Amino acid sequence: MEKWSTKEQLVDLLCNLVKIPSITGTKAEKELPDYVINQLTSLKYFQENPQHLQKNPTGDGTYFVTGLVKKQPLTKKTVILISHFDVVDVEDYGRWKEYAFDPQKITELFQQHKEELPRQVKNDLETGNWLFGRGTMDMKCGLALHMSIIEKACNEEFDGNILLVTVPDEEVNSVGMRAAVPLLLEIAQKHDLEYVTVLNGEPMFMRYPGDQNKYIYTGSIGKLLPGFLCYGKETHVGEPFAGLNANYMVSLLTEEFELNTDLCEMVEGEITPPPTNLIQYGIKKDYSVQIPHRAVSLFNLFLLEKKMDDIVTALKETADRAAAKIASSYQKQAHAFAKFTPFVPPDMKVTVLTFDELSKYAVTKYGKESVESIHANILKNRGTMDDREATIEMVDKLAILCKELAPMMILFFAPPFYPAISSYKDPLINNVVQAVQKYGLTSHGVDFEKRNYFNGISDLSYAGLQYPAASMISLTANMPMWERGYSVPLKELEVFNVPVLNIGPVGFDAHQWTERLDIDYAFETLKDLLFFSITTIFAANPSASHHENG
């Protein structure tokens with residue numbers, strides 16, 4: 001008797017997974033792996049092969065789960081199923097908050113209060129196909145389906161091995177997947193595996209409001225968090241032209257970067273959203289009549305195929321334009337004010353430096369020990385500072401040490417970093433996508449559109465590197481936290497390098513209180529499509545896409 005083969009069984013499994021409120025960074029996130037292990041242990045295969053089911057530490061107190069089902073000792077071909085079990089918080093649910101992790105209850109409550117719901121949400125609710133609640137769509141449905149595939153693998157329904165990997169912390173820093181990659185190389189070596197595809201189950205993301213298209217993704221968008229620390233010159237508010245206000249500097253910088261389509265990237269007709277500001281503030285702890293002379297701004301920047309050196313060059317050029325605007329605006333206002341008071345406007349030039357350039361200057365002028373002690377003190381006393389805050393503190397303290405260079409803007413990178421990845425040129429992946437498109441249309445009436453990049457950011461980013469690890473130096477040298485509490489296993493990713501695919505459920509409003517999942521599509525159509533996809537991957541000619549691992 002199968003545990004997770006019917007729609008009803010899968011809805012029950014999903015509801016049980018959702019009921020564990022595994023918000024990133026909470027106790028429940030640490031507990032959820034035990035539930036998954038407990039459920040999989042009930043399968044006869046894992047009772048006979050307990051060593052194939054592992055709870056693995058990430059190093060930060062959380063755990064990821066690996067479950068390997070080998071077809072037979074000599075079978076090498078292996079499909080990796082990846083998912084994440086952490087979710088974002090539920091503050092946005094307002095008065096419904098206490099029911100956010102009870103899908104059946106909150107769906108029932110919304111039925112009773114449907115007049116209060118947005119029109120599209122109400123329409124979906126009335127079909128009876130939709131299940132609401134935090135994590136239903138993003139992405140515990142993917143995990144539930146992967147557990148059902150593991151059950152099929154245990155029943156020897158595939159002509160190859162299946163390795164389940166489900167991780168914490170996808171929503172913040174991807175600690176789980178970054179920790180998993182080195183272990184996956186070990187597992188490949190230990191069990192003599194050849195990884196043929198990494199298959200993710202992230203839900204489809206709408207490309208525009210009201211988008212009803214169905215997507216298969218052959219990759220995942222990359223993401224950087226470039227920041228600029230603006231260091232002006234302190235002065236009293238009564239003498240503003242004797243200094244330079246960093247809040248003003250940072251506002252002109254943001255004006256230059258915000259939604260700047262010159263920083264978009266297009267590949268095969270797919271375009272990245274433009275950069276947008278995520279963090280901006282003046283670094284001044286208390287109120288006083290001294291102008292704020294240090295301020296910081298961080299931007300979200302998506303990537304596809306650009307090389308890191310080219311990205312840094314483009315960021316510096318954009319910052320140079322902002323610096324020129326700051327200087328010319330300052331001069332214009334100073335000359336206007338000079339008509340009324342007898343002062344000579346000083347020359348103003350704002351220098352743009354990278355963090356690496358600032359560090360090298362500091363080492364030359366003040367010695368390596370001074371620079372290293374700044375970083376060490378911050379890391380030792382960081383307390384509740386997250387990676388972004390600790391990064392900003394490192395840049396700020398180094399800028400203060402080198403204040404004679406001011407006014408200046410310092411370009412740096414903060415965690416997280418998601419490399420862009422796409423297998424759109426991979427023959428195996430292209431054949432599988434075409435087969436799934438044809439099967440989806442003939443068997444289910446679903447017309448799939450292939451996208452080269454999943455636009456919602458995902459752990460697929462850590463399934464390989466499109467450029468050599470050595471080409472990442474302009475990122476790592478400008479990321480203060482690199483190897484000081486944050487890193488990406490670049491060398492391991494170079495070795496790992498497995499083709500990727502994402503086939504996931506239909507849902508709407510990820511990270512919103514109206515998050516919901518189409519359960520008919522998820523547990524009938526998609527369940528069948530996933531089975532077909534994995535069968536097709538294993539049936540493909542192995543020489544078409546040969547990747548040795550470990």
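I began with the second largest cavity and found it lined by Leu 263, Glu 265, Leu 301, Phe 302, Leu 303, Lys 306, Ile 311, Ala 314 and Leu 315. Strand 14 and helix 9 (308–338) are the elements that give two or more residues to this lining; helices (H or I, at least four residues) and strands (E, at least two) are DSSP runs, numbered from the N terminus. The model is predicted, and local features need pLDDT of at least 70, side-chain atom pairs count only at pLDDT 80 or more, and totals for chains, interfaces and linings use all residues. I number residues from 1 along each chain as its sequence is written, and side-chain values use heavy atoms, with hydrogens and water left out.

**Entry on the cavities.** On a 1 Å grid over the protein atoms alone, a cavity is a set of points where a 1.4 Å probe fits but cannot get out, a pocket is an open set with protein on both sides within 12 Å along at least five of seven lines, and lining residues have an atom within 4 Å of a point. Grid points are joined across faces, edges and corners, and a volume is the space filled by probe spheres set on the points. The second largest cavity holds about 60 Å³ of space, and its lining divides into 7 nonpolar, no polar and 2 charged residues; I counted Ala, Val, Leu, Ile, Met, Phe, Trp, Tyr, Cys and Pro as nonpolar, Asp, Glu, Lys and Arg as charged, and the others, Gly among them, as polar.

I then searched the whole structure and found 4 cavities of 30 Å³ or more. The largest cavity has about 80 Å³ of space, and Leu 303 and Lys 306, already noted above, return in its lining together with Lys 307, Met 308, Phe 417, Pro 419, Ala 420, Gln 466, Tyr 467 and Met 472. That lining divides into 7 nonpolar, 1 polar and 2 charged residues.

I looked up the largest pocket, where about 620 Å³ of space lies. It is lined by 28 residues, and those closest to its centre are Glu 171, Phe 205, Gly 456, Ile 457 and His 511. Helix 6 (136–154) and strand 20 (507–508) are the elements that give two or more residues to this lining, which by class has 15 nonpolar, 6 polar and 7 charged residues.

The second largest pocket holds about 450 Å³ of space. Of its 20 lining residues, Asp 60, Asp 169, Asn 173, Val 175 and Arg 178 are the closest to its centre. Helix 2 (27–41) and helix 7 (175–191) each give two or more residues, and helix 7 gives the most, with 3. I sorted this lining into 4 nonpolar, 9 polar and 7 charged residues.

**Entry on helix 12.** Helix 12 (residues 387–401) has 15 residues and reaches 21 Å from its first C-alpha to its last, close to the 21 Å expected at 1.5 Å a residue, the expected span being 1.5 Å times one less than the number of residues. At its start, a side-chain oxygen of Asp 386 comes to within 2.9 Å of the backbone nitrogen of Arg 388. Among its buried residues I noted Asp 387, Arg 388, Ile 392, Met 394 and Leu 398; buried means under 20% relative accessible area, exposed over 50%, partly exposed in between (1.4 Å probe, protein chains only). The buried residues pack against elements including strand 10 (226–231), helix 10 (355–366), helix 11 (368–380) and strand 16 (408–413).

**Entry on the loops.** I found a cis peptide bond joining Ala 406 and Pro 407, with omega about 0 degrees; Pro 407 sits in the loop between helix 12 and strand 16. The peptide bond from Pro 415 to Pro 416 is also cis, with omega near 0 degrees, and Pro 416 lies in the loop between strand 16 and strand 17 (421–422).

Glu 156 has a phi near 60 degrees, a positive value in a residue other than glycine. I placed Glu 156 in the loop between helix 6 and strand 5 (161–167), where it counts as exposed at 54% relative accessibility. Asn 497, not a glycine either, has a positive phi of about 35 degrees; it is found in the loop between helix 15 (490–496) and strand 19 (500–502) and is partly exposed, with a relative accessible area of 34%.

Terms used:
Contact means heavy atoms within 4.5 Å. A polar contact is a pair of N or O atoms within 3.5 Å; within protein, one must be able to donate a hydrogen and the other to accept it, and residues adjacent in sequence count only if both atoms are side-chain atoms.
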